[in-house]
Amino acid sequence: IMQKKRLMGDTKHFCPVSLKENFVLYPGLQEHAAKYKEKIYYFSTSEYRDKFLKNPEEYVAHNEPLQAPPLRVCLLGIHGAGKTTCARQIADKLGIFHIQFEEYLQELILPKTKRKVGPSFDEDQEDDDKIPEELEDFSQTKTKTKTPKRKQEVKLTDEEEAIKANLMDNMELPPEVLDKIVPDWWKKEPFRSTGFILDGFPRTSDEATYLSEQGLCPDVVVYIQVEEDDILNRLFPPRLKKWKDRRRKKKEYKKKLKELKAKKRV
């Protein structure tokens, strides 16, 4: 039996309400379909279908075709897979923004913490601070009274504490924190009209579910899969060099400390 060809709406099988309000190509479902002016429109939810039927002319094309959103890419992979390197090259080639998720989180709390936080950053900070403080103590004269330094306590908000816990201990970010970060990349300028490649998000199934529930659909998701040996070959040499540099600095500080102690005895 020959079936009559369906005449699809302006957005084809994508939801016209999601396109209009969120600037996202969200696939519609047959169970949420509606007919308007002899054309079939599919919607992502029944609520969006009802919203369309109340005022269809707001969501259909008039003099010009509907504008499609720019490219949005999520780039995933384990630590050391080369996500950031690839993301920068893709962003430059396509003329879209590169968003490194962890780096973005660091920038949100950097005005208060004054330095990046995390296991690797804390280790470096401890080594860099400890011996120079000892040198400063011994370099002061005996007659000069030394006032103890007090580290000013930084008061973080609940959201900032959650971000810090994520960076320090990989604790999952709650939805209320994600609400203040992620939707802006889809809905606000300059990302809305330019597009982006999101490096390192989503990282968990809950974060992927969050994107789906918010109607924030990437156009492409790329997962970089590499062998463990390749990652070791990439990451181990710079880590080893960093460790050697820290050891060398420690020896230099200890040598200066020894010289200052000798001078004080004289």
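## Backbone details and a helix pair

Glutamate 38 is exposed, with a relative accessible area of 57%. In this predicted model, glutamate 38 sits in the loop that links β1 (29–36) to β2 (39–43). Its backbone deserves a look too: although glutamate 38 is not a glycine, its phi is positive, at about 65°. Lysine 12, in the segment before α1, also is not a glycine and has a positive phi, of about 55°.

Next comes serine 18, which belongs to helix α1 (residues 16–22). Serine 18 is buried, because its relative accessible area is 3% and the cut-off for buried is under 20%. Its side chain makes a polar contact of 3.4 Å with the side chain of serine 44. Beyond its neighbours within four places in sequence, serine 18 touches Phe23, Val24, Tyr26, Ser44 and Tyr48.

Finally, a helix pair. Helix α4 (residues 101–113) packs against helix α6 (residues 158–169) at an angle of about 130°, and their axes are 10 Å apart. The angle therefore makes α4 oblique to α6. The crossing of the two is left-handed. On the α4 side, Glu102, Leu105, Gln106, Leu108, Ile109 and Lys112 take part, meeting Glu160, Ile163, Lys164, Asn166 and Leu167 of α6. Sorted by class, this contact holds five nonpolar, two polar and four charged residues.

Methods:
Residues numbered from 1 in each chain as written. Predicted model: local features only at pLDDT ≥ 70, side-chain atom pairs only at ≥ 80, totals over all residues. Heavy atoms only, no water. Axes fitted to C-alpha atoms, helices over the stretch in contact; angles between N-to-C directions. Helix = DSSP H or I, 4+ residues; strand = E, 2+ residues; numbered from the N terminus. Parallel < 35°, antiparallel > 145°, perpendicular 65-115°, else oblique. Left-handed = near helix turned anticlockwise from the far one by under 90°. Contact = heavy atoms within 4.5 Å. Nonpolar A, V, L, I, M, F, W, Y, C, P; charged D, E, K, R; others polar. Buried < 20%, exposed > 50% of the residue type's maximum accessible area, 1.4 Å probe, protein only. Polar contact = N/O pair within 3.5 Å; in protein donor to acceptor, adjacent residues only side chain to side chain.
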